[in-house]
Amino acid sequence: MEKWEGKLAIVTGTSSGIGRGIAIKLVEAGVRVVGIARREDLGRELELALDGKRGRFYHLTADITKEGEVFNAFKWIEDNLGVAHVLVNNAGTTRETTLIDGKTTCWKDILDINILGLSMMTREAVKSMRANNIPGEIIHIGSLGGCITSSPVKGLRMYCASKHAVRSLTEGLRQELLEVGSEIKISCINPGIVEHTELVQYNEALKEFIPLLEQSLKPEDIGDMVLFVLSRPPHVQTNR
């Protein structure tokens with residue numbers, strides 16, 4: 001990780017769960033991290049908690065489903081901290097909804113964050129990295145739910161469909177980066193059940209899977225995986 005020490009990373013969804021765990025691991029490794037999240041109070045708490053570590057954490061309040069806020073976030077970051085070398089697209093959400101009679105508003109909430117927000121953040125990061133000739137890294141946080149044909153959990157099938165899309169977007173971006181001769185790398189990490197995440201804590205559909213929580217991953221485990229991906233030598237591509 002020495003090559004990333006002092007470099008700047010953007011991590012979305014850092015107010016809790018996996019995003020918080022990733023931010024902590026990166027800062028402890030000496031990386032400067034901008035955490036983008038909607039809940040300012042929790043972001044400021046994390047700033048205080050990470051004060052004095054090898055790296056530094058900066059909270060930035062923004063909603064990645066709103067294109068204007070994505071533009072403003074990248075402008076503020078470049079104007080105040082410089083160009084990001086790493087983007088971790090972690091922000092995500094779910095709603096308990098079915099495909100037969102689900103509410104369009106629930107579907108839209110899932111797709112806006114998990115697909116469109118991720119895509120807008122990725123587009124702006126690639127644009128910035130290419131303009132500044134930076135062979136950066138982009139990491140999508142997907143889900144095991146995006147690797148199975150059909151979710152066994154009633155109420156999570158639109159969420160799983162969105163995570164299938166994240167896998168497809170990862171491979172699509174890899175192909176586009178190759179086509180333009182870019183050295184930017186793209187990876188996708190697909191965790192199973194992770195404790196202390198809001199998906200697990202507040203989702204009634206997962207109650208029947210409570211026994212699995214005894215063997216679940218922790219947010220810091222996903223942070224370690226992000227460090228593993230970033231620590232690979234330049235000639236190694238970790239797709240998923």
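Where does Arg54 lie? In this predicted model, Arg54 sits in the loop between helix 2 (40–49) and strand 3 (56–61). Its relative accessibility is 55%, so Arg54 counts as exposed. The cut-off for exposed is over 50%. Arg54 still has partners elsewhere in the sequence. Leaving out residues up to four places away, Arg54 touches Glu5, Val27, Glu28, Ala29 and Gly30. The contact with Glu5 includes a polar one: 2.9 Å joins the two side chains. Val31 is 23 residues from Arg54 in sequence, yet their C-alpha atoms are 7.5 Å apart.

Now step back to the whole chain. The protein chain holds seven helices and six strands. Along the sequence they follow the pattern β-α-β-α-β-α-β-α-β-α-β-α-α. The chain has 240 residues, and 49% of them count as buried. Take the contacts between residues at least 6 apart in sequence: 72% of them join residues at least 24 apart.

Helix 1 (17–28) comes next. Twelve residues at 1.5 Å each should span 16 Å, and the end C-alpha atoms of helix 1 are 17 Å apart, which agrees. The buried residues of helix 1 are Gly17, Ile18, Gly19, Gly21, Ile22, Ala23, Leu26 and Val27. Gly30 follows helix 1, with a positive phi near 95°. Gly30 is also one of the residues that Arg54 touches.

Asn90 is buried, because its relative accessible area is 10% and the limit is under 20%. Beyond its sequence neighbours up to four places away, Asn90 touches Thr12, Gly13, Ile18, Gly19, Ile22 and Ile141. A polar atom of the Asn90 side chain lies 3.0 Å from the backbone oxygen of Gly13.

Val194 is in the loop between strand 6 and helix 6 (198–201). At 3% relative accessibility, Val194 counts as buried. Val194 and Ile18 are 176 residues apart along the chain, but their C-alpha atoms are separated by 7.8 Å.

Is Lys163 buried or exposed? With 5% relative accessibility, Lys163 counts as buried. Apart from neighbours within four places in sequence, Lys163 is in contact with Asn114, Ile141, Gly142, Ser143 and Gly146. Ile141 is therefore in the contact lists of both Asn90 and Lys163. Lys163 and Gly92 are 71 residues apart along the chain, with 9.5 Å between their C-alpha atoms.

Two helices can be read as a pair. Packed helices are described by the angle between their axes and the distance between the axes. Helix 3 (residues 67–80) and helix 4 pack at an angle of about 35°, with axes 10 Å apart. Their crossing is right-handed. From helix 3, Glu67, Val70, Phe71, Phe74 and Glu78 take part. They meet Met120, Met121, Arg123, Glu124, Ala125 and Ser128 of helix 4.

Past helix 4 comes the loop to strand 5, where Asn133 has its place. Asn133 has a phi near 55°, a positive value in a residue other than glycine. At 70% relative accessibility, Asn133 counts as exposed. Glu137, in strand 5, is buried, with a relative accessible area of 2%. Without residues up to four places away in sequence, Glu137 touches Trp4, His85, Val86, Leu87, Met129, Lys185, Ser187, Val229 and Leu230.

Val229 and Leu230 belong to the buried residues of helix 7, together with Pro219, Ile222, Gly223, Val226 and Leu227. An α-helix has 3.6 residues a turn, so residues three or four places apart point the same way. Helix 7 (residues 219–230) has twelve residues and reaches 17 Å from first C-alpha to last, close to the expected 16 Å. The cover over its buried residues includes helix 1, strand 4, strand 5 (137–141) and strand 6 (185–189).

Technical notes. Residues are numbered from 1 along each chain as its sequence is written. This is a predicted model: local features need pLDDT of at least 70, side-chain atom pairs count only at pLDDT 80 or more; totals for chains, interfaces and linings use all residues. Side-chain values use heavy atoms; hydrogens and water are left out. Buried means under 20% relative accessible area, exposed over 50%, partly exposed in between (1.4 Å probe, protein chains only). A polar contact is a pair of N or O atoms within 3.5 Å; within protein, one must be able to donate a hydrogen and the other to accept it, and residues adjacent in sequence count only if both atoms are side-chain atoms. Contact means heavy atoms within 4.5 Å. Helices (H or I, at least four residues) and strands (E, at least two) are DSSP runs, numbered from the N terminus. The expected span of a helix is 1.5 Å times one less than its number of residues. Axes are lines fitted to C-alpha atoms, for helices over the stretch in contact, and angles run from 0 to 180 degrees between N-to-C directions. A crossing is left-handed if the near helix is turned anticlockwise from the far one by less than a right angle, and right-handed if clockwise.
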